[in-house]
Amino acid sequence: MRRIMSTIAAALLMMSASAQVQPQILGDNHAMQPVTVDQKYLLLPVQEKEEFANVRVIADNQQVQNFNVRLAVDKVDYYVPLDIRRFGKKQVLLDINFHGDRRTTGAIKDFACWKEMKQTEAYDATNREKFRPQYHHSPAYGWMNDPNGMFYKDGEFHLYYQFNPYGSQWENMTWGHSTTKDLIHWEAQPIAIEPDAIGSIFSGSCVVDKNNTSGFGKGTIVAFYTSAGQHQTQSMAYSTDNGKTFKKYENNPILTSDIPDFRDPKVFWNPEIQKWNLILAAGQEMRIYSSPNLKDWTYESSFGKEYGNHDGVWECPDLMKLQVRGTDKQKWMLICNINPGGPFGGSATQYFVGEFDGHKFTCDTKPEVTKWMDYGKDHYATVTFDNAPDGRKIAIAWMSNWQYANQVPTKQFRSANSIARDLGLYEYQGDIYCSVIPSKENLALRGKTVKKPTQACEIVVDMKSATEIVLWNTKGEKVVMSYDGAKHLFKMDRTKTGDNSFSEAFPAETCAPTYGDIKQLRIFIDNSSIEAIDADGKMAMTNLVFPSEPYNNIKVKGGKATIYEIK
């Protein structure tokens, strides 16, 4: 199994035999739970239908941590670990305020959480989910959304991500951390950046400061993120151990604004001006800054008014220079993630192609033109790795949609990332588009060819001008993909793919222009996801599916399929 393996998981889950001290009930919504620290983790029982309870951890009369968790009232859906040994005290106090309506949930003294809290020396993150992917990155437990701070250094890719350590729904934003040497086998690392007095830790980026422009040291990893407090501001942290641990900059925040949605800084070195550029989302536009030292930033310009789709908030930008395939031209591409406003509802990734001189981005197309990077419903927050080998622009996206991300039918974890994809540009009928090709590392997944699909496989289909691909199982659940070469359209129908009861927005047929002929289609299946990508990069479509059993049959009309098992 290629799912992420937790470094905090040990061989067995060993519970403390000693019961917790009885809680001190202080009111209808307030209690204190003393905890004698016997083992490393206190397991907090979660019940997802309940409202959040606010937990303040107090050690030696000082608040040392503050978070929200849906503590169990009647039954336990799963447990999340709270590291209580980290505070270095023999006893801690949990000061808990419940936000739910006690008239419907009952007396606080009878809540299930009091008797179900247990201590353990090791938290067992063994996979207990049938929908967990085998070769896509996912968190060992808890909630994940946007990929953050991705960089490559010393033979290793680092992926940080928006993470809730205390439940499998969005809350308590921190930077989780995973690493890989091959973009396939992922290893979980300890939490990288935690909330502080300025705010929660929202999305951002990392750079490798090769020339010590910041003064933090040559080769230092410098992280930029949004501090989400009463207002959103930009902060900085740095790491001198290759991204394992970070120290927050003493003069945070480094950028402020009076705009409510002001977030997601992406930083990159621009050799054309010999300075750093920073681009971030500000409402429904992108703001661009420059700096010689990563600390002092000068506003340069804004882009976005009247350009592209504005049906939702602009988020998670990226800006990069790319070669136009088959030409000697280079262009800049600005990635703009938007929610809502996607082509089939909810969140999606749009992009703009043009010129950038280090100060101002100018789009080549008319303002009303909208270009989408992926035409599925589950491809969002797309960003690229800093310092990727061979100058490649390797992108990873969050594989979900804000319309239903909190409700998908998993509990131990929620959300995975797309496969790694190399970005480029190509021309079609006088315009320039983004090419999306599965990164070459994905070829290492291919095992022997088999006759039938499995729950985790790659299917390569040699296409004709009209091709239909049907995947189905014995329960009658199916995915239908079709290509119309005359109209240059590709469709995927997931209305009958399995469980879609959790959201009315989930059943959908998605449709994409192909900007030319598709000769070969690569389909990546991994338990709960299907990524259909033109082998030449002209079209990509990513959709989640939740079948009750794997699709183990395939029919191809007007084409030929080769199925590779996953090694």
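Mentor: Let us begin with a definition: a residue is buried under 20% relative accessible area, exposed over 50%, and partly exposed in between, with a 1.4 Å probe and protein chains only. The model is a predicted one, in which local features need pLDDT of at least 70 and side-chain atom pairs count only at pLDDT 80 or more, whereas totals for chains, interfaces and linings use all residues. Residues are numbered from 1 along each chain as its sequence is written, and side-chain values use heavy atoms, with hydrogens and water left out.

Trainee: What makes Ile-335 count as buried?

Mentor: Its relative accessibility is 0%, and the limit for a buried residue is under 20%; Ile-335 therefore counts as buried. Ile-335 belongs to strand β22, residues 330-339; strands (E, at least two residues) and helices (H or I, at least four) are DSSP runs, numbered from the N terminus.

Trainee: Which residues does Ile-335 touch, leaving aside those up to four places away in sequence?

Mentor: A contact means heavy atoms within 4.5 Å. By that criterion Ile-335 touches, among others, Met-286, Cys-316, Met-320, Tyr-351, Met-373 and Leu-423.

Trainee: How do you know that strand β14 is largely enclosed by the rest of the structure?

Mentor: Nine of the nine residues of β14 (residues 220-228) are buried, so the strand is largely enclosed.

Trainee: What makes β13 and β14 a pair, and in which sense do they run?

Mentor: Two strands pair if DSSP finds at least two bridges between them. Strand β13 (residues 200-209) and β14 have eight bridges and are antiparallel; one of the positions involved is Gly-204, whose bridge partner in β14 is Tyr-225. On the pairing of β14 with β15 (residues 232-239), eight bridges are again found, in the antiparallel sense, and Thr-226 stands opposite Gln-234 in β15. β14 and β15 form a hairpin, with three residues between them.

Trainee: Why does one side of β17 and of β20 lack a neighbour in the sheet?

Mentor: The open sheet has four strands in the order β17-β18-β19-β20, with antiparallel pairing. β17 (262-270) and β20 (298-303) stand at the edges and each has a single partner strand, so one side of each is left without a neighbour in the sheet. The twist from one strand to the next averages 25 degrees; axes are lines fitted to C-alpha atoms, for helices over the stretch in contact, and angles between N-to-C directions run from 0 to 180 degrees. β17 is joined to β18 (residues 275-282) by seven bridges, and Phe-262 has Ala-282 as its bridge partner in β18.

Trainee: What makes a group of residues a nonpolar core?

Mentor: The term denotes a set of buried Ala, Val, Leu, Ile, Met, Phe, Trp, Tyr and Cys residues joined through side-chain atoms within 4.5 Å. The largest such core has 69 residues, of which Met-333 and Phe-361 touch the most other members. Its largest share, seven residues, comes from strand β32 (residues 456-472). Apart from it lies another core of 29 residues, including Val-55, Leu-82, Phe-111 and Met-117.
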